Amino acid sequence: MSNTAIPLSTEISFADLKLAQPLMRAVADAGYERPTPVQAQAIPLVLAGGDLLAGAQTGTGKTAGFTLPILHLLTAKPVANQRPGRPRCLILVPTRELAAQVEESVQTYGKYLSLKSMVMFGGVNINPQIKALRGQMDILVATPGRLLDHVGQKTLDLSGVEILVLDEADRMLDMGFIRDIKKILALLPKQRQNLLFSATFSDEIKTLADGLLHNPGYVEVARRNSTVELIEQSVHMVPQKLKSYLLAHLIKHHDWKQVLVFTRTKHGANRLAEKLNADGIPAAAIHGNKSQPARTKALAQFKDGSLPVLVATDIAARGLDIDQLPHVVNFELPNIPEDYVHRIGRTGRAGSSGAAISLVDSEELPFLKSIERLIKREIPKVAVDSFVPPANLPAEAPRPPRSQHGQRRHSNTTAGGNRNQPPRDGQGQNPRQKRDQQPRNPQQRDPQARSSQQPAKPREPQKSDDQKHLSEAARHQSMPQPALFSPRPAVRRGR
Ligand code: AMP
C-alpha cells in the first residue's frame, strides 16, 4: 500500500536502484512509486556489499531499505547444499510484534523469489519453531532470547550467516539485550555483512557499532521529532478519575473507528479495556503480560477494523506499523518526552490526517512541558463542550505514585542504564513470557533490588530537572486551569 505520508526521494527511482525484476514487481504490487530517502541511500550501499550504520526509525521505510537489497544479494548468490536450520541472513529485532512485521515484509517483497523466511520469538510454544527449522530457511527474523534458546537446543546453526541486521538496535539495548547480542555475535562467522539500524545514537550504540561494523556506509534520515507537524495534536485537561469517561464519550461522540490508546502501566491498560468494554466499546489490552496468541489476535482484529480500540503500553506498541491509523490517545502522558513522539508517530502515517489526543491531569503538566520543549511547539488545550461527567463516581483505589527520577532520556546517555524508573511493562510475568520483552540485566529488571543491595549515594544538593518540573506543576495547580469540559448537559452534535 502506498504511503504518501513518508517523504519520498525526489531524484532516485526504484529503476535506478537496479534491483532484480521479481523485487521490482513486488514493489510495484505494494504500490510504492519511489524509494523513501532511507531506501534511496541504503539500498545501493547494501547492494555493494558493505557494512551500514543507519539512523532511521519505524515509519521511514527502513524495513524495505534493508530487506530489498538482502533479497537481491541472496538470490544473486545462491549456495549449493543449503542445509536446514542454517540461515544465510539473520535479522535481530527487540520485540515480537516487530519480528512478525519484519518477516511479513520479507514475504511481501520476496513473494516472487524462492527464498524462505522464518520468524522466531518467545512467549509461544517452541516446538512448531523446531519443526520449521527442519526445512529450508534463508532469512531468519528473531528476538534474541528465543534465538539463544534454539542455539542451546542445537536446533539452529548460525555458522552460515552471511548478512546480519540489528534492527532498532537502540531499543534492544534499552531492553537490556546487550549480553545476548554479544553471545549471538560470537556464534556468527567472522566474514559477513553487518547492517545496524537505530533511531538514536547513544554512546552504547556507538560502542556496539565500532566493534561490529567495518568501514560502514552511513545513512541518516529525519527523525520523526521533526515531522510531527503532519499530526494534529491536542490536549484535553481532565482529572485522572474522569479520563475513562471522557475517552468513552469521545469515542462514541465522534464515532471513532480505530483508536490506539497508550497507558502507562499494564494494569492501567487492562482496567481501561475492561471499562470501555463495559461501556459497550469493544477494546483489548496488549502488553507483555498477555500471551502471544492473545496479542497477535488483538492486533489482527485491530488492523482489520473489527476491534475499534487497542490499549497498549509503550513497549508493546513499539514498532507497530498500522496503516492509516486515524487516532492515537495518550491516556497518560509518558514520563519520557521522546516516547510521546514515538507514540503519536503511529498516526498520520499513510497520507491520512492523523490526530493525537492527550488526556492530561494537572499533575501531568510537567510532562506536557517537557514534551512541548522537545517538539518545540505548544500543544493546544481544547475543551470538550459536549462532555458531562457522571454524577456519581465510584470510589477509586489510590494510584501508585509516578517515578519522579531519571525520567528524561537523552540520545547520548548510556542506553542500558538510563531508565531509572520502574519498568513500565513486563512486571508480574512468568520468566519465560518475560524473556523477549524485558530487560535481561537484573538491575534493570528490578531497580528496587539494586537500591537495596547498594549503599545509597549522598544526594546532590542541586535540584534535578524533575524536581524543577514538580515545582512548576505546583505553580500550575495554583493557577486557573483551562476549561475542562462543559458544566452544561451534553448537546449531541452531528457527526
Ligand atoms: P517501516 O519504516 O519499514 O516500518 O515502513 C513504514 C511503512 O512505509 C510501511 O507500511 C511500508 O509499507 C511503507 N513503505 C515502505 N517503503 C515505501 C515506499 N517507497 N513508498 C511508500 N510506502 C512505503
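Author: What follows is a chat about the words used for this predicted model.

Reader: Let's begin with the overall picture. How many helices and strands are there?

Author: The protein has 19 helices and 13 strands. It has 495 residues, and 44% of them count as buried. Among contacts between residues at least 6 apart in sequence, 79% join residues at least 24 apart.

Reader: What makes Ile 91 buried?

Author: You count C-beta atoms. The cut-off for buried is 20 or more others within 10 Å. Ile 91 has 28 of them, so Ile 91 is buried. You'll find Ile 91 in strand β2, residues 89–92.

Reader: Which residues does Ile 91 touch, if I skip those up to four places away in sequence?

Author: Ile 91 touches Val 102, Ile 139, Leu 140, Val 141, Val 165 and Asp 167. Take Leu 140: Ile 91 and Leu 140 are 49 residues apart along the chain, yet their C-alpha atoms are separated by 6.1 Å.

Reader: And what is meant by a nonpolar core here?

Author: The largest one has 63 residues, and Ala 42, Ala 54, Ile 91, Leu 140, Val 141 and Ala 142 touch the most other members. Helix α2, residues 37–47, gives the most to this core, with 6 residues. Apart from it there is another core of 45 residues, including Ile 251, Val 259, Val 309 and Leu 310. As a general point, nonpolar side chains in soluble globular proteins tend to be buried together.

Reader: Which residues is Ala 42 in contact with, leaving aside neighbours within four places in sequence?

Author: Ala 42 is in contact with Leu 52, Ala 54, Gly 65, Phe 66 and Val 219.

Reader: What about Asn 215 and Asp 255: why are they called exposed?

Author: Exposed needs 12 or fewer. Asn 215 has 6 C-beta neighbours inside 10 Å, so Asn 215 is exposed. Asp 255 has 8 other C-beta atoms within 10 Å, so Asp 255 is exposed as well. Asn 215 sits in the loop between α9 (203–212) and β7 (217–220), and Asp 255 in the loop between α10 (243–254) and β9 (259–262). Phi is positive in each: near 45° for Asn 215 and near 55° for Asp 255.

Reader: Last one. Why are helices α6 and α8 called oblique to each other?

Author: Their axes come within 10 Å and cross at roughly 40°. Under 35 degrees would count as roughly parallel, and 65 to 115 as roughly perpendicular. The crossing angle falls between those ranges, so α6 and α8 are oblique. The crossing is left-handed. On the α6 side, the contact is made by Pro 144, Gly 145, Leu 147 and Leu 148, and on the α8 side by Asp 180, Ile 181, Lys 183 and Ile 184. By class, that gives 5 nonpolar, 1 polar and 2 charged residues.

How values were computed:
Residues are numbered from 1 along each chain as its sequence is written. This is a predicted model: local features need pLDDT of at least 70, side-chain atom pairs count only at pLDDT 80 or more; totals for chains, interfaces and linings use all residues. A nonpolar core is a set of buried Ala, Val, Leu, Ile, Met, Phe, Trp, Tyr and Cys residues joined through C-beta atoms within 7 Å. Helices (H or I, at least four residues) and strands (E, at least two) are DSSP runs, numbered from the N terminus. Two residues are in contact if their C-beta atoms, placed from the backbone, lie within 7 Å. Axes are lines fitted to C-alpha atoms, for helices over the stretch in contact, and angles run from 0 to 180 degrees between N-to-C directions. Angles under 35 degrees count as roughly parallel, over 145 as roughly antiparallel, 65 to 115 as roughly perpendicular and the rest as oblique. A crossing is left-handed if the near helix is turned anticlockwise from the far one by less than a right angle, and right-handed if clockwise. Ala, Val, Leu, Ile, Met, Phe, Trp, Tyr, Cys and Pro count as nonpolar, Asp, Glu, Lys and Arg as charged, and the others, Gly among them, as polar.
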